[in-house]
Structure formats: C-alpha cells, structure tokens
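Me: I am new to reading protein models and would like a guided close look at one part. Please begin with a single residue and then move on to its surroundings.

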Amino acid sequence: MPEPDQLIAISALQHYSYCPRQCALIHQEQTFTENVFTVRGRFVHERVDEPETRTEGDREIQTSVPLVSERLGLIGKSDVVEILPDGSLRPVEYKHGRRRRREHDDIQVAAQAICLEEMTGKQVAEGVIYHHSSRRRRIVPITPELRAKVEDITKSVRDLLRSGVMPPPTDDPALCRGCSLKEACQPELVNSALRIRELAETLFEPDDMELAE
C-alpha cells in the first residue's frame with residue numbers, strides 16, 4: 001500500500017475529471033473557497049456526515065463509511081452505503097443539484113464501488129447519485145469502461161501531484177461559471193497570456209524569443 005502521503009482522495013478524481021486545474025488548486029495548492037454551490041453541497045452532506053446505521057424499508061443504511069483501496073492508493077468515504085436484502089452493496093453519493101448525468105460524479109461513485117469491492121470481497125454492480133434539489137436518485141452502472149476511467153484518472157492525478165505542475169485553465173466557460181475557485185484560477189487572464197505566448201512563438205524564431213526574454 002502507498003505511504004499515507006501518497007494516498008489520493010477519491011474526491012480528487014471527481015475534481016480532475018471536472019477540470020485538472022481545479023484538482024491541482026485544491027489537492028496540490030490547498031486552495032479552496034466557497035460559493036453558493038459549495039455551500040449548498042455542504043448543507044446537503046451534513047445529514048450524512050456522522051457515522052450511523054439504520055434500516056429503511058428492506059435496506060440497511062450506513063452513513064459516512066470510510067473507504068480505501070490499497071491497490072489504487074485511494075482513500076475517502078461514501079456518504080451512504082446501502083446493504084440490499086440479497087447482501088449486495090451500493091454506494092450512494094449526495095449532490096445538491098437537480099438530476100442530470102455528470103461523468104465526473106459517475107467516476108467518483110465508481111471509485112467508491114471499487115474500494116468497497118476490495119474491502120469486502122463483494123462485487124458492486126452499481127452506485128447511486130442522489131440529487132437533493134429534485135429528491136431523485138440516478139443509478140450508475142459500474143461498467144468496465146467506467147472502471148477503466150477510474151484507473152486512468154487515478155494515474156493522471158498521481159502524476160499531476162508528483163509533477164507539481166499547474167495545468168492550464170479549461171476552455172469551457174460553463175465549467176468556470178460553476179467553479180468556486182474561479183477567482184483563484186483567473187482563467188480568462190491565464191488563457192489570454194497563453195494565447196499571447198503562442199502568437200509570439202508563431203511570429204518569432206526561437207532565437208528571437210530567447211533574445212526577447
């Protein structure tokens with residue numbers, strides 16, 4: 001198993017899938033700020049932040065379940081783990097927004113499923129995203145393709161954190177609008193500087209660039 005300082009938070013996979021720069025700011029630079037979306041998310045998670053076991057209908061519900069994968073070097077927790085009547089397990093991740101498919105959320109719950117499998121020896125066939133705003137659940141099949149993405153992104157996150165390099169901002173304005181780190185990231189300013197740099201490199205020979213610097 002990797003050393004404690006080499007373990008990757010499961011949440012880092014969700015952040016990297018959303019935007020590699022966001023992942024680096026949070027998990028490499030320890031930068032985090034609040035916006036309306038993160039505040040709503042925090043309030044949604046408060047109901048499952050304390051470990052508890054209860055019964056709902058035919059299911060046993062465990063909240064705030066610690067998770068780890070020695071093979072992948074992942075650590076985190078599941079908001080809820082449901083134990084179904086047949087003994088199968090299903091991780092549930094709470095999200096504050098309305099019901100809609102987001103791959104970065106699917107990757108997060110798939111990583112939780114992989115950890116549960118390693119910890120219990122039971123196959124986990126599906127996870128759940130619970131969308132608090134609409135009070136609706138979305139089933140996430142833990143497919144081979146999704147499992148492969150978890151493994152690939154885990155490697156990418158580990159390489160990123162080891163490199164210490166800050167990735168460039170995304171070119172997707174929609175992602176930036178919903179990000180609490182927009183002010184710290186400064187995507188417009190950084191992207192403008194990168195475009196100016198690229199333009200200069202097309203106009204000048206490498207020797208000229210060295211002289212200019």
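In which strand is Ser-64 found?

Reply: Ser-64 is found in strand S3, which covers residues 59-69. Before we go on, note that this is a predicted model, in which local features need pLDDT of at least 70 and side-chain atom pairs count only at pLDDT 80 or more, while totals for chains, interfaces and linings use all residues. Residues are numbered from 1 along each chain as its sequence is written, and side-chain values use heavy atoms, with hydrogens and water left out. Helices (H or I, at least four residues) and strands (E, at least two) are DSSP runs, numbered from the N terminus. The protein has nine helices and seven strands.

Ser-64 has a backbone feature to look at: its phi is near 50 degrees, a positive value in a residue other than glycine. As background, most residues other than glycine have a negative phi. Ser-64 is also buried, because its relative accessibility is 9%. Buried means under 20% relative accessible area, exposed means over 50%, and partly exposed lies in between (1.4 Å probe, protein chains only). Across the protein, buried residues make up 40% of the 213 residues.

A nonpolar core is a set of buried Ala, Val, Leu, Ile, Met, Phe, Trp, Tyr and Cys residues joined through side-chain atoms within 4.5 Å. The largest one has 29 residues, and Leu-13, Leu-74, Val-150 and Val-157 have the most contacts inside it. S3 is among the elements that each supply at least two residues of this core, along with helix H1 (10-18), helix H2 (20-27), strand S4 (74-83), H4 and H5. The most comes from H4, which gives eight residues. A second, separate core has six residues, including Ile-61 and Tyr-130.

Leu-13 shows how the pieces meet: leaving aside residues up to four places away in sequence, its contacts include Leu-74, Ile-107, Val-150 and Val-157. Contact here means heavy atoms within 4.5 Å. H2 is mostly covered, with six of its eight residues buried, among them Cys-23 and Leu-25.

H4 spans residues 103-120 and contains Asp-105. At a relative accessible area of 3%, Asp-105 is buried too. Not counting residues up to four places away in sequence, Asp-105 touches Gln-14, Lys-95, Ile-129 and Arg-138.

Finally, follow H4 to its meeting with helix H5 (residues 144-163): the two axes come within 9 Å and cross at roughly 90 degrees. Axes are lines fitted to C-alpha atoms, for helices over the stretch in contact, and angles run from 0 to 180 degrees between N-to-C directions. H4 and H5 are therefore roughly perpendicular to each other. On this scale, angles under 35 degrees count as roughly parallel, over 145 as roughly antiparallel, 65 to 115 as roughly perpendicular and the rest as oblique. Among the residues that meet are Ile-107, Ala-110 and Ile-114 in H4, and Leu-146, Val-150 and Ile-153 in H5. By class, this contact has seven nonpolar, no polar and five charged residues. Here Ala, Val, Leu, Ile, Met, Phe, Trp, Tyr, Cys and Pro count as nonpolar, Asp, Glu, Lys and Arg as charged, and the others, Gly among them, as polar.
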